[in-house]
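Good morning, and thank you for coming.

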Amino acid sequence: MAEPVVGTASGRVRGASTATGVAFLGIPYAAAPAAVARFDRPTAHPGWTGVRDATQPGPAAPQRARTGFGALNMAPYFGTVRTGDPDYLRVNVWAPRDATRRPVMVFVHGGGFVSGSTRSPLYDGSAFARDGVVLVTVTYRLGVVGFLDVPGAPRNRGLLDVMAALEWVQTNIAAFGGDPDNVTLFGQSAGATLVGALLATPGTGDLVQRAIMQSGNGTGAFDLEQADRVTRRVGVVLGATPTPAALESLSDAALVDLGAQLVGTDLRTTRRVDPLVGLSPFSVAMEHQPADAVASGVGAQIPLLIGTNAEEGNLYLAPQGDLESSTEGDVRELAARSHADPDAVVADLRSRQPRWTWGQIRSALLGDALFGAGTRRLVDAHTSRSAAPLHEYQFNWCSGALGGRLGAAHTVELPFVFDCLAEPTLGGPDGLLGPQAPPQSLATQIHRAWVRYATTGDPGWAQASRHAFEG
């Protein structure tokens, strides 16, 4: 069988036939962000002559390799990081064979705005192609290059990359069998927070018909004072104002190292707590939180499927043994970072869950600060402002990893959404899914809900209720 060839606006690409359809990997959607262009808006790729090979994944955005996560093997989440090629603004496309006007899903990966890759085995789109969906995964700028608020440069360049990828989809996806009038944008973690920010960006409704946010944060943006604090910290480290010209001479690797030096920057202000509780010095920078923008009507017309995992915070504690070792002091320190009235929030959790250990309380605080509270704010904003459908879910299945301590932690839902439970790196006592066989029936249920939502706008449950995925 001849390998498939598709024409795009930049040139022709050759993909590969798969068991479930066809795959085209590493297609440029924008020009390489090299030299000073690293701090500019994405621009059109110059294109190529002949037929470009699209059978191998493209490079990742510059970042540090992250294969471990304490005792938990998170290598399948972060993916195989191959950096060094500046031409990394690329998409992967999986499609049914001989498809015509199929629903399109565009996925934005997570990684704290500093890491992550479409090269992750979790993001293989074969199951979506099998079930009639054209899936697109997007690489975008990270860290200093993607999200530092640089004087004289456009803000939120990583977000602008995702917008450029959505514009690429509008122009090119019909050639792969997709319907540009039926596009669902979805993301997880930082990727979901980017989806929320795009909801609050005028013009997104012209590019997507609906959105899915998996464990994102509708109040996870830095305000401009917080973004400026990170910028000023960079100026101290560099000994110069971090303009594009000042940063141009630094290599990508040096900029990654620079970003690592910013971890721990205190972002608490008189008006706001740190929405990422010190886990990352980068986020989108916005005058108004996405939830507040939606409450004002921006993006409220876009239907939304949104939810969280029951024990999000376990990911940040269980692999390091901190679920067992956390103390009251650890809890109160976190509460001071994440809440305006830390004593009240600790007392409330203590009264509602008197049997919980300090580690469980700390996990609940983390999960709520990073994902839960911002998700609720966005839900309330969307439902109060718009008649557009909103569906909620909660993922409750507990992984047996780390002796059962991982539970329904952050990221555990991803293999179920992509229906890739058989990926070998996910199993075992230190794998995301644990040593016991995870329930294929749950993966079938969740994956079908996402496909159904992308196809019809209805995931299979009523808008007025929050659907629980139990396992």
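Helix 13 makes the largest contribution to the lining of the second largest pocket, namely ten residues. Please bear in mind that this is a predicted model. Besides helix 13, at least two lining residues each come from strand 13 (304-309), helix 10 (322-325), helix 12 (342-352) and strand 14 (390-395). By class, this lining holds ten nonpolar, 15 polar and ten charged residues.

I move now to the largest pocket, with a volume of about 1,100 Å³. Of its 50 lining residues, Arg66, Gly112, Val114, Leu279 and Ser280 lie closest to the centre. Several elements give two or more residues to this lining, among them helix 1 (75-78), helix 5 (190-199) and helix 13 (358-385). Which helix gives the most to the lining of the largest pocket? That is helix 8, with five residues. The classes here are 29 nonpolar, 13 polar and eight charged residues.

Finally, the loop position. Alanine 99 sits between strand 8 (90-95) and strand 9 (102-108). Is alanine 99 buried or exposed? Its relative accessibility is 15%, and buried means under 20%, so alanine 99 counts as buried. Leaving aside residues up to four places away in sequence, alanine 99 touches Phe176 and Gly177. Its C-alpha atom is 9.4 Å from that of alanine 129, 30 residues apart along the chain.

Note on methods
Residues numbered from 1 in each chain as written. Predicted model: local features only at pLDDT ≥ 70, side-chain atom pairs only at ≥ 80, totals over all residues. Heavy atoms only, no water. Helix = DSSP H or I, 4+ residues; strand = E, 2+ residues; numbered from the N terminus. Buried < 20%, exposed > 50% of the residue type's maximum accessible area, 1.4 Å probe, protein only. Contact = heavy atoms within 4.5 Å. 1 Å grid on protein atoms, 1.4 Å probe; cavity = no way out; pocket = protein on both sides within 12 Å on 5 of 7 lines; lining within 4 Å. Points joined across faces, edges and corners; volume = space filled by probe spheres on them. Nonpolar A, V, L, I, M, F, W, Y, C, P; charged D, E, K, R; others polar.
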